[in-house]
Amino acid sequence: MTKKINAKLVYLLTGVFALIYIVFCHVLKDPYQLNIDRWQTLNFSLEYWIHGKYIYDTYNFMGNLSSYLPGQLLLALPSYLLGNVGYLQVMAFLLFSYTILREFKNNMIRFTAILMLGISLSYIYEAVCKSDFISSFMFVAAFILFWHNKFKDNYFQKPVMLGIGLGILFLTRSVAVIPLIIFLLKPFLAIDTGRKIKVSGAFLLTIAVLMLTVFFPAKNVDYIIQHNPLALQGQSNKFVMLFFLVIAIFLSFYVKKISDVFYFSAYIVFLAMLNFVLEKYLLFGLGFYDNLFPTTYLAACLPFSIIAYCFSVRKELEKEI
């Protein structure tokens with residue numbers, strides 16, 4: 001079976017799944033019938049952002065305010081311009097597949113990774129509902145794998161570019177920063193002062209510019225304080241998030257190889273999401289959202305788990321040689 005899986009079959013699988021996910025984006029003719037508001041919130045947030053309107057004081061059809069940070073809006077912009085915010089999941093799938101193809105040369109590993117993501121019920125659910133949640137973590141996982149593959153000898157060869165990339169990903173979702181900390185904190189502390197300044201400067205400038213684009217249309221500073229995404233953004237309460245951030249910082253010093261980054265990230269992201277889901281069930285009861293939607297939060301660890309699995313398989317194959 002392993003010998004029958006060649007590069008052409010891997011590329012064919014990727015193309016087929018991409019087409020299937022495009023179809024999934026059009027399956028639901030009336031998304032309002034589901035108790036899910038991310039697609040509509042993302043849609044009007046992008047529309048307001050493009051036209052210079054303030055985003056964070058408008059309620060969606062479920063009575064919730066937008067909490068989208070500008071990094072996520074920037075990543076979702078191409079899909080919006082193509083006419084369907086659901087295409088974001090297709091783009092994330094293709095980007096993830098591309099990084100898998102770059103890092104792993106064994107076609108069986110490639111095929112398995114792409115298949116695992118493609119048949120994931122959580123990811124299918126996200127695509128059908130035009131949700132964007134898992135895509136944030138897909139972009140982070142793909143970025144880490146790509147950057148390692150491109151600059152494995154020295155992650156800071158392009159400090160300005162790295163800082164810009166980190167700034168964008170930092171402004172997607174709060175939990176998304178955990179894998180980035182595990183990946184780069186230890187090597188960042190080891191580089192020279194000049195490159196630290198370049199990375200930090202590009203990172204902070206990117207954040208400042210992106211935040212300015214969403215806050216500039218506000219009436220005044222008091223209005224921003226009353227209506228801002230920072231109070232709403234986050235998949236857990238502040239103390240729990242602080243705990244997981246501390247754990248991520250601690251684990252970053254125990255990273256010996258790139259596979260450790262994905263092992264640690266999969267565990268921490270899963271636990272953070274599990275805590276969030278349990279919090280909501282305890283707060284709202286077992287009828288939380290009246291469906292199984294909250295459990296899709298647990299799939300945030302999916303891209304890290306798949307890549308970690310790929311590294312494990314490659315390690316075992318190398319032992320057999």
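Student: What volume does the second largest pocket have?
Tutor: The model is a predicted one. For the second largest pocket, the computed volume is about 340 Å³.

Student: Which element gives the largest share of the lining of the second largest pocket?
Tutor: The lining includes Val 177, Leu 180, Ile 181, Leu 184, Leu 185 and Phe 188. Two or more lining residues come from each of α8 (159-170), α9 (177-190) and α10 (193-215). The largest share, six residues, is supplied by α9.

Student: By class, how many nonpolar, polar and charged residues does the lining of the second largest pocket have?
Tutor: Among the lining residues are Phe 156, Leu 166, Phe 170, Val 199, Ser 200 and Phe 203. The tally for the lining is eleven nonpolar, one polar and no charged residues.

Student: Against which elements do the buried residues of α3 pack?
Tutor: Helix α3 covers residues 70-81 and reaches 16 Å from its first C-alpha to its last, close to the 16 Å expected. Its buried residues are Pro 70, Gly 71, Gln 72, Leu 73, Ala 76, Leu 77 and Ser 79. An α-helix has 3.6 residues a turn, so residues three or four places apart point the same way. The buried residues of α3 pack against α2 (38-50), α4 (87-103), α7 (133-150), α8 and α10.

Student: Which residue just after α3 takes a positive phi?
Tutor: Most residues other than glycine have a negative phi. Just after α3, a positive phi of about 100° is found at a glycine, Gly 83.

Student: Is Lys 130 buried or exposed?
Tutor: Lys 130 lies in the loop between α6 (121-128) and α7, and its phi is positive, near 55°, although the residue is not a glycine. The cut-off for a buried residue is a relative accessible area under 20%. Because the relative accessible area of Lys 130 is 11%, Lys 130 is buried.

Student: The side chain of Ser 265 reaches which backbone oxygen?
Tutor: Ser 265 is found in helix α13 (residues 258-284). With a relative accessible area of 0%, Ser 265 is buried. At 2.6 Å, its side chain reaches the backbone oxygen of Val 261.

Student: Leaving aside neighbours within four places in sequence, which residues are in contact with Ser 265?
Tutor: A contact requires heavy atoms within 4.5 Å. Once the neighbours within four places are set aside, the contacts of Ser 265 are Pro 179, Ile 182, Phe 270 and Phe 304.

Notes
Residues are numbered from 1 along each chain as its sequence is written. This is a predicted model: local features need pLDDT of at least 70, side-chain atom pairs count only at pLDDT 80 or more; totals for chains, interfaces and linings use all residues. Side-chain values use heavy atoms; hydrogens and water are left out. On a 1 Å grid over the protein atoms alone, a cavity is a set of points where a 1.4 Å probe fits but cannot get out, and a pocket is an open set with protein on both sides within 12 Å along at least five of seven lines; lining residues have an atom within 4 Å of a point. Grid points are joined across faces, edges and corners, and a volume is the space filled by probe spheres set on the points. Helices (H or I, at least four residues) and strands (E, at least two) are DSSP runs, numbered from the N terminus. Ala, Val, Leu, Ile, Met, Phe, Trp, Tyr, Cys and Pro count as nonpolar, Asp, Glu, Lys and Arg as charged, and the others, Gly among them, as polar. The expected span of a helix is 1.5 Å times one less than its number of residues. Buried means under 20% relative accessible area, exposed over 50%, partly exposed in between (1.4 Å probe, protein chains only). A polar contact is a pair of N or O atoms within 3.5 Å; within protein, one must be able to donate a hydrogen and the other to accept it, and residues adjacent in sequence count only if both atoms are side-chain atoms.
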